[in-house]
Amino acid sequence: MIATRPVGDLHVSAIGMGAMTITQRPDADVAQGVRAVHAAVEAGITLFDTADAYGPSGEMGVNERALIAALREHPDALERVIIATKGGHTRGPEATWGIDGSPEYLARAARESAQRLGLDALPLFQHHRPDPRVPYAESMGALRQLVEDGVVQRLGVSNVGVDQLQVAIDILGAHLVSVQNEYSLPQRASEPVLRLCEERGLAFFAWGPLGGRAAAKSIADASAALSGVASRYGASPQRIALAWLLGRSPAMIPIPGASRPESVRDSAMSPSLMLDDEDRRMLDGVVQ
């Protein structure tokens, strides 16, 4: 059983699964992605993160459909897990990325995500990224309206700074339960946001907890300290990095992406790995 951490009124596994990678490439192995999702469920992971804009093309909803299809194939999975999705990014020709934080777009995006996922209301809907063309307060007001309309049960924000998070707190109140920002051994720019999450009782979902897709496989090559700690514990460098993250804050919930069952199972063991103080200090000192 994986240890749990609070997300508002919920308790989810202390490590989540980022589903983006199961459809990230045009040549993604669909069957392997399904096996990865099933491995996560069987390992006790109960938080799955997706977004309407995740996929290898300009088509919206690719990842959401792939994730829900995989979960439906596993007995009782949908009764045990929480699906967190995001809206506010768009995709265009040749898979280009855009941003739309307008209230009209966010309202439509949330409803379309709920329809794709087959849910009466989204358990957790996260604003994907601030839109510089739209006052942040207007985007947050749209999110609050989604709760009042019964489309969404809980809210989160992503890729925010402290000032934006404070606006979200002021407008969303108790409906706001999570923040999703990049955070890893080499990338700690969101430390002030993490500490504000602690103060306000918000969960902090760390995306890119292994440094991103390209860096995850060779994470130990960039840090002799990480490689040395991994050798001492007889664990993968990836599991050590996730265990370090979990020790940074009780609000922290890393959401590593994975497309292979083996990676998922390894990540799921990180909450039970307790680093000693000396090793934690060594990793704290990794150059950022």
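A salt bridge is a side-chain nitrogen of Lys or Arg within 4 Å of a carboxyl oxygen of Asp or Glu, and a search of the whole structure finds 16 of them. This is a predicted model, in which local features need pLDDT of at least 70 and side-chain atom pairs count only at pLDDT 80 or more, while totals for chains, interfaces and linings use all residues. Residues are numbered from 1 along each chain as its sequence is written, and side-chain values use heavy atoms, with hydrogens and water left out.

**View A. A salt bridge joins Lys86 and Asp49.** The closest N and O atoms of the two residues are 2.7 Å apart. Because Lys86 lies in strand β5 and Asp49 in strand β4 (residues 47-49), the pair ties together parts that are 37 residues apart in sequence; strands (E, at least two residues) and helices (H or I, at least four) are DSSP runs, numbered from the N terminus. Lys86 is buried at 0% relative accessibility, and Asp49 is buried at 4%, where buried means under 20% relative accessible area, exposed over 50% and partly exposed in between (1.4 Å probe, protein chains only).

**View B. Arg232 and Asp279 meet through their side chains in a salt bridge.** The N to O distance is 2.7 Å, and since Arg232 belongs to helix α9 (residues 224-233) and Asp279 to helix α12 (residues 277-284), the pair ties together parts that are 47 residues apart in sequence. Asp279 is buried, with a relative accessible area of 4%.

**View C. Glu262 and Arg260 form a salt bridge at 3.4 Å, N to O.** Glu262 is partly exposed at 45% relative accessible area, and Arg260 is partly exposed at 38%.
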